[in-house]
Amino acid sequence: MRKIMISAAAAFLFMSATPVLAENNPQPETKDVQLTSQQKQELSVLYKEMLAKKKEILSKYV
């Protein structure tokens, strides 16, 4: 019986601490980034490759 009470108390403490932890996390800063046309082209290629991989992964699930 005592183990159950200790487990319940521990669970309550962890559950009640979760919102406090979430409130202390600040939002990440976003900055305006200026890219050159070459950088934009390189990113475009990478995003197309990433999309192709995501499609491949989804087709495996299907």
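Guide: Of the 62 residues of the protein chain, 0% count as buried, where buried means under 20% relative accessible area, exposed over 50% and partly exposed in between (1.4 Å probe, protein chains only). This is a predicted model, in which local features need pLDDT of at least 70 and side-chain atom pairs count only at pLDDT 80 or more, while totals for chains, interfaces and linings use all residues. Residues are numbered from 1 along each chain as its sequence is written, and side-chain values use heavy atoms, with hydrogens and water left out.

Visitor: How many helices and strands does the secondary structure of the protein chain come to?

Guide: Helices (H or I, at least four residues) and strands (E, at least two) are DSSP runs, numbered from the N terminus; here there are two helices and zero strands.

Visitor: How many salt bridges does a search of the whole structure find?

Guide: A salt bridge is a side-chain nitrogen of Lys or Arg within 4 Å of a carboxyl oxygen of Asp or Glu, and the search of the whole structure finds one. Lys53 pairs with Glu56, their closest N and O atoms being 3.7 Å apart, and both residues lie in helix H2, three residues apart, about one turn of the helix.

Visitor: Is Lys53 exposed or buried?

Guide: Lys53 is exposed, its relative accessible area being 51%, whereas Glu56 is partly exposed at 41%.
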